[in-house]
Amino acid sequence: MPKTDNINSIIDHKLFTEEDIHNMCVKLGKQLTADYAGKKPLIVGALKGAIFFLTDLVREMDVKAEIDFLDVSSYGDEMESSGEVKLISDLATDVKDRDVLIVEDIVDTGLTLEYMKNLLKKRGARSVKCCVLLNKEANRTSDVEVEYYGSKVGNEFVVGYGLDFMNYYRNLRYIGVLKPEIIKLVNNK
Ligand code: IMP
């Protein structure tokens with residue numbers, strides 16, 4: 001585990017400030033308000049990374065929506081996807097005939113998103129789309145469609161605003177790139 005309690009000190013550089021993130025939420029919220037007008041979507045947040053983004057995004061949406069959460073994991077404590085997706089905690093809501101919008105923090109290989117979309121379609125959802133904050137395309141192995149996203153990112157490991165490293169640093173207000181020595185510290189353990 002990184003030997004620092006000061007969460008800002010593990011950041012190499014900021015990628016998105018609080019203002020950048022707010023602007024992305026406003027823009028996506030407007031688009032979603034228009035696209036879901038007259039519908040009552042079920043917004044499905046992917047735990048735990050999406051909670052910060054979800055709470056800001058839905059408050060930018062002028063839509064009558066329900067919220068539920070799904071916990072799916074393909075990483076465990078690793079930095080690279082294991083390729084195997086597991087359902088850890090299920091929805092409380094029946095998705096049959098619902099317009100579902102999955103909210104996710106970041107899409108990388110796309111396997112997690114593909115798993116969630118297939119699961120909800122199989123359960124009879126009328127439509128299943130997704131809104132992700134960050135779109136990391138470099139390692140994409142799935143051809144899953146990413147209907148809405150805030151910004152593209154390069155192939156760097158980012159933390160903050162819900163995004164974690166070893167389950168820490170979600171509570172940074174901004175999104176930044178981890179210092180390489182923090183990653184080395186853990187890899188050499
Ligand atoms: P995928 O199945 O490879 O698309 O992985 C998606 C999940 O990987 C996300 O929900 C995140 O939890 C995690 N993830 C991917 N890249 C990063 C990153 O740069 N920082 C933190 N988590 C990441």
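A polar contact here is a pair of N or O atoms within 3.5 Å; within protein, one atom must be able to donate a hydrogen and the other to accept it, and residues adjacent in sequence count only if both atoms are side-chain atoms. The model is predicted, so to speak of a local feature we need pLDDT of at least 70, and side-chain atom pairs count only at pLDDT 80 or more, while totals for chains, interfaces and linings use all residues. Residues are numbered from 1 along each chain as its sequence is written, and side-chain values use heavy atoms, with hydrogens and water left out.

View 1. Start with Asp105, where a polar side-chain atom sits 3.0 Å from an oxygen atom of the ligand. On its own the ligand would expose 500 Å², and the protein buries 92% of that (accessible areas come from the Shrake-Rupley method with a 1.4 Å probe; for residues, only the protein chains shown count as cover).

**View 2. Here is the shell of residues around the ligand.** It holds 18 residues, with Asp108, Thr109, Gly110, Thr112 and Val158 coming nearest; a residue is near if one of its heavy atoms lies within 4 Å of the molecule or strand in question. Strand 5 (99-107) and helix 3 (111-122) are the elements that give two or more residues to this shell, and strand 5 gives the most, with four. Helices (H or I, at least four residues) and strands (E, at least two) are DSSP runs, numbered from the N terminus. Sorted by class, the shell has seven nonpolar, five polar and six charged residues. In this sorting, Ala, Val, Leu, Ile, Met, Phe, Trp, Tyr, Cys and Pro are nonpolar, Asp, Glu, Lys and Arg are charged, and the others, Gly among them, are polar.

View 3. Asp99 is buried at 6% relative accessibility, and Leu101 is buried at 0%; buried means under 20% relative accessible area, exposed over 50%, and partly exposed in between (1.4 Å probe, protein chains only). The side chains of Asp99 and Arg126 make a polar contact of 2.9 Å. Beyond residues up to four places away in sequence, Leu101 touches several others, including Leu32, Tyr36, Val44, Cys130 and Tyr148, where contact means heavy atoms within 4.5 Å. Leu101 and Lys117 are 16 residues apart in sequence, and their C-alpha atoms are 9.5 Å apart.

**View 4. Arg170 sits in a loop.** You will find Arg170 between strand 8 (158-159) and strand 9 (175-178), and at 14% relative accessibility Arg170 is buried. A polar atom of the Arg170 side chain lies 2.9 Å from the backbone oxygen of Gly162, and the Arg170 side chain also makes a 3.5 Å polar contact with that of Asp164. Setting aside neighbours within four places in sequence, the contacts of Arg170 include Lys48, Phe52 and Tyr161.

**View 5. Take a look at the cysteines.** A disulfide is a pair of cysteine sulfur atoms within 2.5 Å, and the count by this rule is zero. For Cys25, the nearest cysteine sulfur is that of Cys131, 8.3 Å away. The closest cysteine sulfur to that of Cys130 is also in Cys131, at 7.5 Å, too far for a bond. Cys25 is buried at 3% relative accessible area, and Cys130 is buried at 0%.
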